[in-house]
Amino acid sequence: MSGLIFITGATGFIGSTTAKKALEKGYKLRISVRKEAQIEKVRAILGDFKERLDFVVVSDITNSKAFAGKLNDVDYVLHMASPLPGPRINKAEYFGPSVDGTTAILAEAAKVSSIKKVVITSSIAALMPMAGPTARKITDKDDQDLVVDKEADFSGKTDEETSTQLYHASKILSNQASWRFTKENSPNFVLIALRPSFVYGHNLTQTTAQEISGCTNAILWGAIMAENMASILSYVHIGDVADAHIRSLDPKIKESTSYVITAPAQSWDDVLEVVKRDYPNVPYKLKPGVQTINFTSSTQKAEKELGMKWTSIKDTVHEVMDQQLGLLTQAAPKT
């Protein structure tokens with residue numbers, strides 16, 4: 001494959017793996033970073049492909065002119081930059097990048113005739129009401145009737161709950177903003193929205209054990225290693241998410257659409273079986289019989305149109321455990 005991809009969010013977990021996958025498939029990348037200092041870290045991760053890398057600095061993606069002139073000669077856009085739940089509890093820090101950032105890059109892409117496709121990394125959360133998942137099966141069409149009041153109070157009992165609520169709302173609002181833009185402006189490019197569930201696997205950007213806290217891997221690791229932390233399991237392997245982004249660029253996909261990206265449902269007992277068998281000396285605290293919550297979702301469309309195949313829970317658990325245990329071993333005092 002060939003062509004120039006403009007990619008945001010390549011400094012993150014999903015973005016870095018997707019960038020590497022794109023380079024392995026033969027694409028050239030123009031990578032957007034917020035700070036000049038981030039360039040060297042990305043170069044180090046993607047070092048085998050330096051001759052096909054270019055960088056631009058976009059310090060504030062919420063600026064309506066942030067991407068002006070940055071997308072010239074680009075063939076595809078992968079927009080992956082978006083705030084994750086974390087220490088931020090300021091509404092503007094979620095809604096600004098998610099909504100205004102998405103609109104800004106779509107508006108600029110619409111001005112560049114060479115751009116064939118824009119792929120946005122959304123979330124399965126964009127298909128769920130703010131009250132949480134319901135019993136009905138989640139499909140890519142479920143977002144049409146969701147309502148989010150930007151002026152609402154999203155405060156939870158803790159800062160963690162507040163940030164999760166804000167993240168959820170931002171995903172719904174961003175998703176609606178992107179489809180509203182295409183409806184109102186009829187751009188020449190095809191828009192694809194990908195909706196992954198919880199993403200787990202080897203993190204190319206993580207260099208210390210402590211850094212897992214800024215990644216969804218912390219959810220799986222915490223469920224295994226800390227008692228009473230297991231709940232929602234719906235997962236997808238990081239490699240599958242990256243693969244979905246690249247498969248979305250296939251010219252056979254000619255219409256704007258979206259895909260749910262998640263592996264078949266598993267239980268926490270399935271996770272426990274892997275840990276008990278393959279990590280018997282690790283002091284895990286996951287107990288048998290823990291209630292498993294899985295989002296009820298349909299992935300037939302992704303399997304049929306993108307040709308998606310899903311990495312097993314065994315391989316996914318192995319990647320998270322092996323990386324984290326390895327980093328903890330490196331940090332342990334030498335005796």
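User: What makes strand 2 and strand 3 a pair, and which residue in strand 3 is the bridge partner of Arg30?

Analyst: The bridge partner of Arg30 in strand 3 is Asp54. Strand 2 (residues 28–33) and strand 3 (residues 53–57) run parallel and are joined by five bridges, and they count as a pair because DSSP has to find at least two bridges between two strands. Helices and strands here are DSSP runs numbered from the N terminus (helices H or I, at least four residues; strands E, at least two). The model is a predicted one, in which local features need pLDDT of at least 70 and side-chain atom pairs count only at pLDDT 80 or more, while totals for chains, interfaces and linings use all residues. Residues are numbered from 1 along each chain as its sequence is written, and side-chain values use heavy atoms, with hydrogens and water left out.

User: Through which helix does the chain cross from strand 2 to strand 3, and why is the crossover called right-handed?

Analyst: The chain passes from strand 2 through helix 2 (residues 38–45) to strand 3 in a right-handed β-α-β crossover. The name applies because, with the strands pointing away from the viewer, the path from the first strand over the helix to the second runs clockwise.

User: Why is Ser32 called buried, and which residues does Ser32 touch?

Analyst: Ser32, which lies in strand 2, has a relative accessibility of 7% and therefore counts as buried, given the cut-offs (buried under 20% relative accessible area, exposed over 50%, partly exposed in between, with a 1.4 Å probe and protein chains only). Not counting residues up to four places away in sequence, Ser32 touches Phe6, Ile7, Thr8, Gly9, Val56, Val58 and Phe67, where contact means heavy atoms within 4.5 Å.

User: What makes Asp269 partly exposed, and where is its place?

Analyst: Asp269 sits in helix 7 (residues 268–278), and its relative accessible area of 36% is why it is called partly exposed. Its contacts beyond four places in sequence are Lys287, Pro288, Gly289 and Val290.

User: How do you know whether Ile5 is buried or exposed, and what is its bridge partner in strand 4?

Analyst: Ile5 has a relative accessible area of 0%, so it is buried. Ile5 belongs to strand 1, and its bridge partner in strand 4 is Tyr76. Strand 1 (residues 4–8) and strand 4 run parallel, with four bridges joining them. Beyond four places in sequence, Ile5 is in contact with several residues, including Tyr76, Leu78 and Leu249.

User: How do you know the span of helix 3 against the one expected, and where is its kink centred?

Analyst: Helix 3 (residues 91–109) has 19 residues and reaches 27 Å from its first C-alpha to its last, close to the expected 27 Å, the expected span being 1.5 Å times one less than the number of residues. A kink of about 25° is centred on Pro97, the bend being the angle between axes fitted to the seven residues ending there and the seven starting there.
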